[in-house]
Every structure is written in structure tokens, then in C-alpha cells.
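My entries below follow the order in which I looked things up.

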2 protein chains.
Amino acid sequence: MTDERIARLALSRLGEPGGLRMAHMIDDLGAARLYDELLAGRDLHGLRGEVAGRLADIHPERDLERAARRGIRWIVPGDAEWPLPLDDLDIAEPLQQLGGTPLGLWVRGPLRLDTLSAPVAVVGSRSATTYGTDVAAELGAGLARAGSTVISGAAFGIDQAAHRGALAGDGTTVAVLACGVDRAYPAAHRRLLDHLAERCAIVSELAPGCAPTRVRFLSRNRVIAALSRGTVVVEAAVRSGALNTASWTSRLHRPLMGVPGPVTSAPSEGVHQLIRSGAATLVTRADDVLELTGAIGEQVSEPARAPTRPRDSLTRPQQQVLEAVPLVRPAAPDSIARTAGLGVAQVRSELVGLAGRGLVEQLPTGWRLAEAAGHG
Amino acid sequence: MTDERIARLALSRLGEPGGLRMAHMIDDLGAARLYDELLAGRDLHGLRGEVAGRLADIHPERDLERAARRGIRWIVPGDAEWPLPLDDLDIAEPLQQLGGTPLGLWVRGPLRLDTLSAPVAVVGSRSATTYGTDVAAELGAGLARAGSTVISGAAFGIDQAAHRGALAGDGTTVAVLACGVDRAYPAAHRRLLDHLAERCAIVSELAPGCAPTRVRFLSRNRVIAALSRGTVVVEAAVRSGALNTASWTSRLHRPLMGVPGPVTSAPSEGVHQLIRSGAATLVTRADDVLELTGAIGEQVSEPARAPTRPRDSLTRPQQQVLEAVPLVRPAAPDSIARTAGLGVAQVRSELVGLAGRGLVEQLPTGWRLAEAAGHG
């Protein structure tokens, strides 16, 4: 009989994430038995007819091996790293014909999913306002500082701001994608995603290489909600996808929270509706969220810190300089010196040392953080 | 035995509005009996000792007569004009040692308090932001257009914007003051108050001439809440007086509503707390308020219109011109003509006609609305 992990991987490639039929058949037979029956040519509830053409193209062992070579792991229920809160999806009511616990998750990055500390989802509109992204970043930083892991979807707007905020708060943050964890979607967030892969974790139900589709975003949203103790919606127009994540949170009976905004701002309308209807509780800052997700004080016993990374061993002046080096647009040493509050000569010397550790890079116009540097 | 109306007037001058002891003694004995006992020198629960010095200075008949000459009336429970919703104060739990149904109300203006249509209080911070006053004015206008009477306190900021909005929506609005209805408090709102007295109503528990005090503001807030079917708070910092009106609304078991704002704005903090705690429902526009106060559709059978006023008999072009005349800063006829969409010659002619009715006035720099003109 095929190994359960291998069978789950194979089955995940035969259907779409969140497919209810596959989930029910696995519940009935177990993944290994189901896969073996399909391989043996047996037509279970008509499933083989649908997937027969694809069965021959599936090479789960090879997938696993290739992924491992790229630092990507496949975790399944029963694994030590499997995040147990996901299993609540088994009993949550389906939404738009999607649901169920993921067959498994692809993970890229050093952060183990069984060690997430009081994870909270922060989601919202792609077309966010400056107000929205400011609030999301502030919230992400506040949650991170309090030891909460910030979960989001790496999209433009609120998602990106939440991840960035968590990094600025020197905490952990996890991106759940609707495509393979090796892909940068959106492409403009490649640096952010690489950084998360280096320091935290990127997660997906989809195998490396898979492209995002509309239905995959919907399935992905249930994973964001289910990985988290609660979800905060920061700006969501009336038809925003963030409201789908909100619905999953309610279905999981976990706290749904909303950040209000000006009533004259369309991107806040969806949030106001959630609060007005009683579906969401109004929150204005990280403390409100921590209170509602029951995470206050827990960080003492469960520090949410990424594994050791290059900057942990830096001297204090090195850290000061590193914090003053811009992420994107290169800066000259005297500008960095001003920000860091140190002398230019010392800054030049520290920059060279930091470059030797791969943390900063020198361009013709000045210095900036290296692609995969820890800059939180 | 002294007439009940006269007795209530006299007793109201002996104590402060919202005084619980006086209210309880009137409940026990009736106002006429209580006043007569005091006049006869009987010391009821020590009350005479406190008020004896003032008894000789009280001349209720003369007060009534003087007020009537100035168009100010005194209404008491049992009068046809008495607004029955006020009587709920009899059973509401006291707040800061204040409470009880008013002994009576002084009213200045043509609007009868028993004909208020689906009244809604709109209150908030004196130190409001532009966002807050814009939202309050829009809300006041929307409520007014839907036929609701807007109740507020004529203060700077949100109150003023709510009254102005109701007038702009061509509706009715009532100011409840913490001083005599003949006084302009704040002084900068004299024109607004005179306008309300001309067209709508100004209300107070305090006799003409009385000055505002801190405790009178607190008592006044309970009247705002009790006159209204519900209260909307638009911007209120954590220690804002508007939260006192909010508490009264909750004590009266009437809908308490709050308009959210940016979480970065201190004047919205108090409102967010009310919503977050569940004390207030989030509303974003007049329709939300109408739905919660059960006022939708009622305006059809209960039109909320002020009594006949000069402008009701105007021709359509006269109305167009009147609507184009500024309230404060005078404008030249050609500017008014552009706004009204009429020819300058016709506008000049209509302006003269309107001045003849006392609706507009000519100043060296142009035309503006006359002090007491109906400009809604």
C-alpha cells in the first residue's frame, strides 16, 4: 500500500484544493486506499473516469524529492508539524462548494507551522487606501511585538502591509498562497516572498509550479482563516475577497474583527457592514485583537520568534547600521550614518562587514539590504 | 390650591433640572400640593430649609406672562403639547445623581413638541474634525429629508453641523439648551438659534435668562436622549459629553448608534468604544438610522414639516433666488443669478420682493439672508 503522505500528495494533484468530493472519499477510505484503488483501475463513485487521464502524469515521489532539493517540504495531518487548528475545517460548513481540511500543505521557510504563536490573520482589500495600509502595518507590527504570528495572503494592499508590519515588529508572519510556494504572486512581491521564505514561512495547498486561479484564491482563504485564532479585516469593499476569508472565520466560530474607517471611504464599507451586522467586532489596535483572540500574556511562555538568523549574532553598532539600510532604494553611507546616529567612517566599516555576511549589497548608487537579508 | 402649571414653574426655579429629590417629592405629593406646603411654611423632608430664602423671590405668574410676551411658552406633563416620550425618564435609572421627567419645558418657536416626527438625536464632540462635521451635516440632511426631526444641543462642532444639515435638508430640528431659550449659547450660534426659534423650536428646562452650568449640561443631555427615538453619536473623544447623552439613551432602552471614523482620529475613539462594547450599533448613513429607529415609511403619514412660514407662499423663481442667497457673506446679484440659474435682471427684481417680506437684506457688499429668514 502506498504511503499516506505520498498518496495525499498524489491525490492533491488530481483535484483542486477544497474539493469536497475528494475530501469525503478520503474521509471514507483513507488517502492511501483511495489512491491505490484508483491506480488499480477501480472506478470509485465515478472519480476514476475523471482523473484517469491525469493519473499517469503524477509522480509524487519525484515531486517530493524535487521540492526537498529546493527546501520545500510537504506536511500532512498526523505529521508533528501539522497545525491542528486546520482540522476544524473538517466540520466547518462548506462555502461556495469548497471546504475540508487540506490534504497536505507545501511549506517553504524555516518557521514550523506547529510552533505558530497565537496566529492572527490580517486581511483586506488589494485596492487599499493609505489609511488602510498604515493601519494594517501598525496592526501587524503591534501583533508581532506581542508575539503573535501574522497570517496573510501576500496580496497587494492590506496583505502586504500586514506582512511588512509584522517584519518591522521583528516578529513572524506567514503567507498563504493560491499558487505554488516557489512562485512569486504578485510578481512585484518577489522580494517580500523570498524574505518570508528565508526567515518565516510560505504555505500553499498547491504543488510547486502551480499557477493561481480564482477558485484557488477561495480555497486559500479557508486556510488563512483556519490557521489563525481569529481574523482582522482592514478595509474591504462590499465585494472584496477579504469578506470570503471573513465568512470562513465565522464558519470556524473564531473571532472575526474589523477595523473601521471613514464612512465616506468605499474600501471601509464591507468592514462596516460586518460590524453593523454583528458578524465582526470593532477593533482599533493590536491590544483589542489580542484580547479577543485570548493571546494576551501567552507570548511569555510561547515566544514567537523565527529560528536563528544571520543578524542574531550582530554587534549593536552592526544592528544599528543594518536597521538604517533601506530595503529598496540604495542610500549613501552618510545618509545611512544620519539615520543610524553613527559616524560615517564607522558606518562604512560596518557596511563592509555586513556585506560579508550577505546582509547588505552595494550598488553604484549606494547600499541597500541584500535580497534575502533579515531586516526586521 | 395653586395651579399645577404654576406650581411646576415655581418648583423648577427652586431646584436644578434633573434634581432627584424634588422629582420624588412631586411624585409623592403632586407639584401643587408640594408648592403650597412650602408656601405655608411646612418643612417637608428638610426641603423648606433649603429653599425658604428663594421662595419669596419666585413669581411664577409674572415669569409666565413675561415669557409669553416674548413668544416663549411653558409646557408641563398633561398639556396637549407635552412630548410623551419624556415620561420614560420617570423610570430610567438615574445617572450622576440626575434624572426624572422634567417639571416642564420652556419652548421658543412654532414647532409643537407633540408633533415631532420620528425624532433622532445627533450629538458629538465640540472639537470635531472636518470629517465629523461633514458626516453630521450629511446625516442631519438625510434624516430631515426622510421626515425625521433632528434633535441636538446647538453646541460647536457636531451639534451645529447636525442642525445645519437638517435645515439644508428642508426639515425640522430642535435645539435643547442648558440655559434659557432666550440666550444664545454659544454666542457664535446666535443666528442659528434665532433661526431655529423662527422656524423650528428651542427647548430648555431652565427659565428664560438662566445661564448654563456644568450640571445643567448633564441634565440637558437626558432631555435630548428622551425626546428622541434614538441617538447617533458622531465623533466623541473618550471623555466627551456626548457619551453622557449616549448613556442616557441606553438607560432609556432606545437605540444608540455610532458613526465610525479613522482609528487614528482621537475624536472617534469614544464612538469606537461604544460600538466595540456593543452599547452602540455602527451606522454609516441616514438609512441605517431610520431602519434602527423604526422610522422608515412613517414620514408618509406623519410629515415632519415646520408650521407655515413666510417662504411657503413664494413663487418658484422667488424660491430659487432665496435658495441662492448666502447665509453669512453677502453676494452680488450676478453671483446669486449664477447660483440660481436665472437672469440677473429677474434676480434683482426677486431680491427686492424677498426683502419686502423680510427674507433677505441688502448690505453695502451685496445680499444675504435676513437674520430670521427661512433658508432651509
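This is a predicted model: local features need pLDDT of at least 70, side-chain atom pairs count only at pLDDT 80 or more; totals for chains, interfaces and linings use all residues.

I traced the strands of chain B and found 9 of them in an open sheet, ordered β1-β2-β6-β5-β4-β3-β7-β8-β9, with mixed pairing. I then looked for the edges. They are β1 (72–75) and β9 of chain B, each of which pairs on one side only.

At the β9(B) end I checked the neighbouring pair. Strand β8 (residues 256–259) of chain B runs parallel to β9(B), and 2 bridges join them. Within this pair, I found Gly258(B) opposite Leu282(B) of β9(B).

**Entry: strand β6 of chain A**

I moved to chain A and picked strand β6 (residues 201–204). Which of its residues point one way, and which the other? I found Ala201(A) and Val203(A) on one side and Ile202(A) and Ser204(A) on the other, and all are buried.

Next I listed its partners. Strand β2 (residues 105–108) of chain A is antiparallel to β6(A) and is joined to it by 3 bridges. Here Val107(A) faces Val203(A) of β6(A). Strand β5 (residues 173–177) of chain A runs parallel to β6(A), with 4 bridges between them. In that pair, Ala175(A) has Ile202(A) as its bridge partner.

**Entry: domains of chain A**

I noted the division of chain A: domain 1 covers 1–58, domain 2 covers 107–300 and domain 3 covers 310–369. Taken over C-alpha atoms, the centres of domain 2 and domain 3 of chain A are 31 Å apart.

**Entry: Gly132 of chain A**

I looked up one glycine, Gly132(A), which lies in helix α6 (residues 130–145) of chain A. Is it buried or exposed? I counted 24 other C-beta atoms within 10 Å of Gly132(A). The cut-off for buried is 20 or more, so Gly132(A) is buried.

Leaving out residues up to four places away in sequence, I listed what Gly132(A) touches: Gly124(A), Ser125(A), Gly157(A), Ile158(A), Val234(A), Glu235(A), Gly261(A) and Pro267(A). For a distance, I took Ala184(A), which is 52 residues from Gly132(A) in sequence and 23 Å from it in space, C-alpha to C-alpha.

**Entry: how the two chains are related**

I laid chain B on chain A. This took a turn of 180° and a shift of 0.1 Å along the axis, and left an RMSD of 0.2 Å. The two copies are therefore related as by a two-fold rotation axis.

**Entry: where the chains meet**

How many residues of chain B are in contact with chain A? I found 15 residues of chain B in contact with 15 residues of chain A. On the chain B side, α6 (130–145), α11 (266–276) and β9 (281–282) each supply at least two residues. The largest share is that of α11(B), with 3 residues. By type, the residues on this side are 8 nonpolar, 4 polar and 3 charged.

Last, I compared the two sides. Of the interface residues of chain B, 100% are also interface residues in chain A, so the copies meet through the same surface.

Conventions:
Residues are numbered from 1 along each chain as its sequence is written. Chains are lettered from A and ligands numbered from 1 in the order in which they are written. Copies are superposed by least squares on the C-alpha atoms of residues with pLDDT of at least 70 in both. Two residues are in contact if their C-beta atoms, placed from the backbone, lie within 7 Å. Domain bounds come from an automatic or database domain assignment. A residue is buried if 20 or more other C-beta atoms lie within 10 Å of its own, exposed if 12 or fewer, and partly exposed in between; C-beta atoms are placed from the backbone. Two strands pair if DSSP finds at least two bridges between them. Ala, Val, Leu, Ile, Met, Phe, Trp, Tyr, Cys and Pro count as nonpolar, Asp, Glu, Lys and Arg as charged, and the others, Gly among them, as polar.
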